[in-house]
Amino acid sequence: MPRILLTVTNDLTYDQRMQRICTSLSQAGYETVLIGRKLNNSTDLKLQSFAQKRLYCFFSKGILFYTEYNLRLFIYLLFAKADAFCAIDLDTIMPCYLASTIRKKKRIYDAHELFTEQKEIVTRPLIHKVWLAIERFAVPRFRHGYTVNFFIKQELNRRYAADYEIVRNLPTQQTLAKVEKFATPTLIYQGAVNEGRSFETLIPAMKQINATLLICGVGNFLTQAMELAKEHAVEDKVIFKGAVAPAALQPLTQQCHIGMMLFEDTGLNQYYSLANRFFDYMMAGIPQVCVGYPEYAAIIKDHPFAYLIHNTREETIAVAVNKLLQNNVLYNELEKNAINASGILNWGQEEKKLIAFWKAVFEN
């Protein structure tokens with residue numbers, strides 16, 4: 001069977017999306033290799049049904065990291081056995097393009113997000129200009145691709161006439177074990193602690209909420225988030241758990257009462273996002289407070305398992321969380337709907353689209 005190399009910039013340990021995709025490809029018979037980077041604090045990789053490769057870099061962030069990693073990745077791809085290269089997001093697209101061109105191999109773009117419309121990029125004009133130039137050059141040269149929602153599909157088609165498929169990032173269906181909730185009301189945020197995730201309003205809102213907030217993740221806003229907790233004197237309520245392994249994250253989520261699904265509307269990527277944790281909270285069977293942006297609202301219309309809010313101001317967040325904590329009827333209804341939706345919105349259905357996509361790639 002064909003050998004597929006998929007490339008990311010993380011250290012592979014916590015990337016549930018890519019673990020799902022690579023497992024499905026491996027089970028479908030493809031020889032699958034997931035390539036990322038090794039960090040100084042990286043833990044040993046868990047054995048998977050697919051191969052994993054991590055490249056070490058001296059630099060860990062900024063332009064020096066991206067330059068070094070892309071160079072190391074290009075050299076690796078140039079000599080690694082492969083029938084196809086799959087770039088996951090824009091930050092690995094150039095090595096995949098160059099290696100596939102030189103070696104005359106198939107290339108695929110997995111647009112997990114609208115990369116050039118992230119807040120941390122849109123708000124930095126020079127950085128935005130560089131990434132936009134990369135996008136304009138590379139994306140039209142990737143004839144095959146897929147993305148996670150209809151908006152990104154439309155936008156890439158509008159910009160570059162790219163006709164990509166949609167493969168949503170749905171979680172693997174789980175049979176929920178009986179897990180006792182935490183004794184005190186507990187909120188959970190899981191995912192990258194990055195700019196644009198509304199920590200500037202979520203953390204101050206905790207002053208008005210009689211609950212604990214668990215923040216499970218790391219990212220470019222982690223230091224600022226910790227400072228906000230001190231500034232607003234809520235260190236006893238806001239607990240930073242750091243990165244939590246996927247195997248431990250779902251049972252931890254089940255112990256919590258409410259998931260927090262917040263994004264600022266700065267940048268199209270945030271406004272039209274469809275984040276992993278939206279479905280992960282659902283699969284864990286807990287209600288969530290969620291921004292009412294288009295992609296989320298469309299799903300909640302058919303599967304009402306989240307309480308939607310229409311802005312991420314401090315007061316709005318506090319009112320929504322307190323309503324869920326105090327209104328048992330509403331809470332129980334959302335909880336029941338989450339469990340019901342998990343039987344429909346799961347990876348078992350979505351992976352069929354992924355396998356059909358790759359089959360078509362190699363048949364062509």
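The side chains of Arg 17 and Asp 110 form a salt bridge with an N to O distance of 2.8 Å; the term stands for a side-chain nitrogen of Lys or Arg within 4 Å of a carboxyl oxygen of Asp or Glu. Distant parts of the chain are linked by this pair, since Arg 17 belongs to helix H1 (residues 16–27) and Asp 110 to strand S5 (residues 106–111), 93 residues apart. Helices (H or I, at least four residues) and strands (E, at least two) are DSSP runs numbered from the N terminus. Both Arg 17 and Asp 110 are buried, where buried means under 20% relative accessible area, exposed over 50%, and partly exposed in between (1.4 Å probe, protein chains only).

The model is predicted: local features need pLDDT of at least 70, side-chain atom pairs count only at pLDDT 80 or more, and totals for chains, interfaces and linings use all residues. Residues are numbered from 1 along each chain as its sequence is written, and side-chain values use heavy atoms, with hydrogens and water left out.

The structure holds 13 salt bridges, including these:

| Pair | N to O distance |
|---|---|
| Arg 17 and Asp 110 | 2.8 Å |
| Arg 159 and Glu 117 | 2.9 Å |
| Lys 153 and Asp 163 | 3.3 Å |

Lys 153 sits in helix H6 and Asp 163 in the loop between H6 and strand S7 (165–166), so this pair ties together parts ten residues apart in sequence. Asp 163 is exposed, at 55% relative accessible area.

Arg 159 counts as partly exposed at 22% relative accessibility, whereas Glu 117 is buried at 13%. A network of salt bridges links Glu 117, Glu 135, Glu 155, Arg 158 and Arg 159.
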